[in-house]
Structures are given as C-alpha cells and as structure tokens.
Amino acid sequence: MKRLALEAAVFGRSTYLQYVALFQWANPQGYVAYKVLLPVTQILFFVELGVYATGPQNALYFALGNALQLTANAGIFGVIATVANERQYGTLPILLASPANRMVTFLSRAIVNVIDGIATVVVGLAIVVVLFGLNLQHANLLLLAICVVVISLTTAGLGLMFGSIGLVMRDAIIIANIVYYLLLIVCGINFPVSRLPGAVQVLSFALPLTRGVQAARDAAAGASLGQVSGLLAGELLVGLSWALAGYLLFRLLENWARRGGLQEAY
Amino acid sequence: MAAQPAIEARQLRKTYTTTRGIFRRERVERAALRGVDLKIAPGELFGLLGPNGAGKTTMVKIFTTLLLPSSGSALVLGLDAVKEQWALRKRIGFVFGGERGLYWRLSGIDNLRYFADLYRIPPDVSRRRISELLERLDLSGRERDRVELYSRGMKQRLHLARGLLNDPEVLFLDEPTIGLDPVGARELRVIVRELADAGKTVFLTTHYMFEADAICDRIAVIRDGAIVAEGTPSSIKTVVRDQGIVEFEVVGMPVERLAGLRRLPGVTSVAISEHELAQVVTVHCARPAEVMTQLGVILDGINLEKVSSREPTLEDAYVQLIGDSQ
C-alpha cells in the first residue's frame, strides 16, 4: 500500500512537472487568453453564424455544442503539443533513451490535459449561461458533469493517437489543427450528425465527442443516466480504442524512429 | 584489456536512407559508419576524434540505444544495444553538447527530479543524489532558478548532472564542451577526468585535440565512418614522428597558389585556416628546411609573414590522419 502511494506520488509529480515544462501557455495572461478569450470568440462566431443561417431559436444548440467541443483544446492541442514540444526542446531523445515505463509516460501525457479540458468546458458553459441565458434549472447537473468528464477523457484518447505521430513528424501541430476542425464539423457540434452524408456519419461515430455531446445535450435537457448510458458507454469505448491505438502507434513509431534516428529532427 | 570490454563495436555499420524529390522520389543512401571495430576497457576515458559528419554522434546514438545499426553489433557492459536496450538504459548515462535537452521553464532541481523519475530512482536515493550532484557541479544556490536564466556553462553542468543521476557505469559525452568559454570547458574537463578516476568508463567525442590530449587515456580518430588511428595520445603522435611542420601567414592569397606547395616532394598535407584578416598555412612535410627554401619561389610575389618550422603536435597528427582540410 505504501509502495503504491509512493508510486502515485512520483507519477503525480512527474505529470505536473511535465505539464509545466511543456505547456506553451504557462503564464496567467497566456492561460486567460487561451482559456477564456478563445472560447468566447469561438462560441460567439458559431452562434452568430448559426443564428444567421437558421434563426435565433437555435442559438443555445450552437452555444452548448461549442462549449462542449472546447475540451478538444486541451485533449487534442494540449496532448499533441507535449510531444511536439519535447522534440522542439531536444528532450525527446532523453525521454526515449530512458528506461521509463512507456505506458505510464504515455498516460501522463494525457492526464493533466483531461483536467484542463474539464476546466475549459466549465469556462465555456459559464460563458453560455452568462451570454446566451442557458437555463440549467431542469438540467441533470451531475449527469452533465459526468458527460464533461467522459468527453474530456475521450478527446484526450484521440489526442494521444495523433500525439504519437509527433515522434517522427516535426509538424505534428498541423495535425492538431486538422483534427480540431474536423471535430467541429462532424461531431454534432454545429449541426446534427443526421444531416451529414452517410459515409461521413460513419466517421462521426468513430470519433469521440459525437455520442458524448449528444448525451450532454440530453443531460442539459434533464435526461437521466439510464437514458444516456448507452451513449456514454459508446463514447468511452471509442475514446479507449483511440488511446489504445495511440499507444500501439507510439511503440511502433518509437522503433521506427530508432531505425532512422528521427528523434532529434525538429 | 579486461576479459569483457565496457564498450565494444564489432563491424558496426550504419547507412542512412533518405528520399528526395516530390514527384520522382529518389532514394539516397549515406554511409555514416563503415565497419567500425572498437574495444574500450572498464574505467577507461576514451576519446573519439573526428571532423563534423565523421560518424561520432551516430556511434554515440547507437551505443545509447537511440539508433539501430544497419549491421554489426554494439555492446555496452556486455549488453546488446539493439536487443537488450531496457537493461542497458538503466546502467548508462549520456550527455549531448549544446543548450537543448533541458526544460527551460523548470528550475534546475525540477529538471533533475523529473529525469530521476524517468529512471525510477527511489525518492530517498534521488533526493540525496541530486543534492550531491548540485554541490559537485557547482549549481548549489541556483538550483531553484529557471534553467532559462542559466549561463551556457551552467546548462552544460546541469546536463552532466542529469547524465549522472542514475549513477551510470558508462557515460557517453558527445562534444560536451562545445560552445563553452575556456574556463567553463576546463572545469568540465576536470570533472570528466575525475569521473574516470573514480572508476566510470567515459566515451567522449570531441574535435578539440588539446581536450583529448589533456584528459583521454586512449583515443581513436574517425574519418568518413571508419577508424583511421587508435591508441594513446603519444602513440597517435608517432604518425607524424618523421615529419616537421612549416607554418606561415599570408593575406589575401588565392587558394590555388597552394597547388605548387602540395606538389613538392615530401609534402603530405597542406591546410589553410583563417585567422582574423590573415590566412595561416600549415604544411606537413618530411623535409621542412627544403620546403622553406622553396616557399619564396612557389609563392613569388606574395608577402609571407611569420614563417616558422616546429615539431608536430597531436593536432598535426590529426590533420595528417584526416587529410588536407580547410
């Protein structure tokens, strides 16, 4: 038990240090700009666009969807940036030549970003309540909170998948941008998935957020856990699958990088 | 040589394959190591000398498990760097020269704590060792400052502290003094020598001759991926035992004028280096007196200054082994 507590303490410390070392918006001003101003801008943009296209009755649909999608800020950008920054700082070879447990290293990349993702969504929801009058009086708040935790976990799972590519690719942050905007388009954030072409819907349901955002919308409308448990289970399964695929890719690319000495290219 | 070398390379080869072109992709192969054989005894401070691109860093990367060789084997402490990398990584340390490889936003002590966690060093051991290393490498008192506030010398000492965290039996240092001021470089050399005296095997790459001459027990010279000489610094100097060196300075001389010098009998190499506004020409030759008398004829019309003849040094031996250079 004592050993387990010690291991957890070491894991916690190295996770925190790694986050401080690699997080690119570490100072308070940068954090506010990235975590408050950017969400406000994104939500305003899509709500205005949505209202212009479909009418004011749908404002909350766009506002809520975009507030929830903000978790990808941490889950996708944050996770991918950790590997990209290791490469930029020249610390990747040291990490890869160490005997560190790869699974632990891999998971520690995601964990603080999951917490950060939850914080970002809370900021986003607060903005929606204040600016767009989202009424949560009838919402199942506990379930909504569970949904936020679940989508933060699953987007980080997808982030781990693409973060692995940073082992061999110097411009992994471009991938982060592509994935982030793809999620905006296909995951039911700004319009229902049912409006997408059939083939794209397959992609939608293979990505995190799609089921989780639907579950969160239902929770905001007062649904019970039983009503959305299928959606949440599916969301978790998708996130876990991406994280597992990401881990396998990480190990595969680690060996590939060893073959070509690619860890130092930046 | 002990029964089991601390470091051993057997016919070690590495060829990098890259592609170029967008529409018509073309594979380009470049041999970085061409069948290197090397044995380094435990406790030895071994220097690998060579110009940029000779294969020094490639060799360090293979021994430190970061790179797979194309063929041959690399053994450290009897462990195969390719197949037994997990066992090997716990027992070696490595330091690459330059400022990268540290987390600049973290303090020096947090960098060491993080890297100690990567090596799964128990917390009580890690606390004691970090404190000792900070003291030994003269970083005490500044350990809580962010690394971005450190001088280059401090960063390099922090690199070395990081490389020693796991108390490695073998330490690889890839051009550790590059970019350091003379005092910082000398301090680092003293520390490296002390580490070897304390029983650690040290594999040092450098292109500073005096550095190798000053601290290494044995050295090897690598050129184009192949070892061209190996031995103690004094045995390497015997390469140029029967030779002398003629040096002189000129200003604004076309390099083509050196062709006549190269054709003189007994001349083995002619090197030219820039020194402020002047060019310093170094001629390796069997009969220095004869070369000196011919200088005026071959370089007719050019104002020669500081013409001198001297005994060869390790650097001269290196230049001789590497061939004519700039």
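An axis here is a line fitted to C-alpha atoms, for helices over the stretch in contact, and an angle runs from 0 to 180 degrees between N-to-C directions. This is a predicted model, in which local features need pLDDT of at least 70, side-chain atom pairs count only at pLDDT 80 or more, and totals for chains, interfaces and linings use all residues. Residues are numbered from 1 along each chain as its sequence is written, chains are lettered from A and ligands numbered from 1 in the order in which they are written, and side-chain values use heavy atoms, with hydrogens and water left out.

Two packed helices are described by the angle between their axes and the distance between the axes. The axes of H3(A) and H10(A) cross at roughly 125° and come within 10 Å. That makes H3(A) oblique to H10(A); angles under 35 degrees count as roughly parallel, over 145 as roughly antiparallel, 65 to 115 as roughly perpendicular and the rest as oblique. Helices (H or I, at least four residues) are DSSP runs, numbered from the N terminus. The crossing of H3(A) and H10(A) is right-handed, a term used if the near helix is turned clockwise from the far one by less than a right angle, whereas anticlockwise is left-handed. Contact (heavy atoms within 4.5 Å) is made by A:Tyr61, A:Leu64, A:Gly65 and A:Leu68 of H3(A) with A:Val213, A:Ala216, A:Arg217 and A:Ala220 of H10(A).

H3(A), residues 59-69, also packs with H2(A), residues 28-54, at an angle of about 150°, with the axes 8 Å apart. H2(A) and H3(A) are therefore roughly antiparallel to each other, and their crossing is right-handed. Among the contact residues are A:Phe46 of H2(A) and A:Phe62 of H3(A). The residues of this contact divide into eight nonpolar, five polar and no charged. Here Ala, Val, Leu, Ile, Met, Phe, Trp, Tyr, Cys and Pro count as nonpolar, Asp, Glu, Lys and Arg as charged, and the others, Gly among them, as polar.

H10(A), residues 210-220, has a further partner in H7(A): their axes come within 8 Å and cross at roughly 165°. These two helices are therefore roughly antiparallel, and H7(A) passes H10(A) in a left-handed crossing. A:Leu143, A:Leu144, A:Cys147 and A:Ile151 in H7(A) meet residues of H10(A) that include A:Gly212 and A:Val213.
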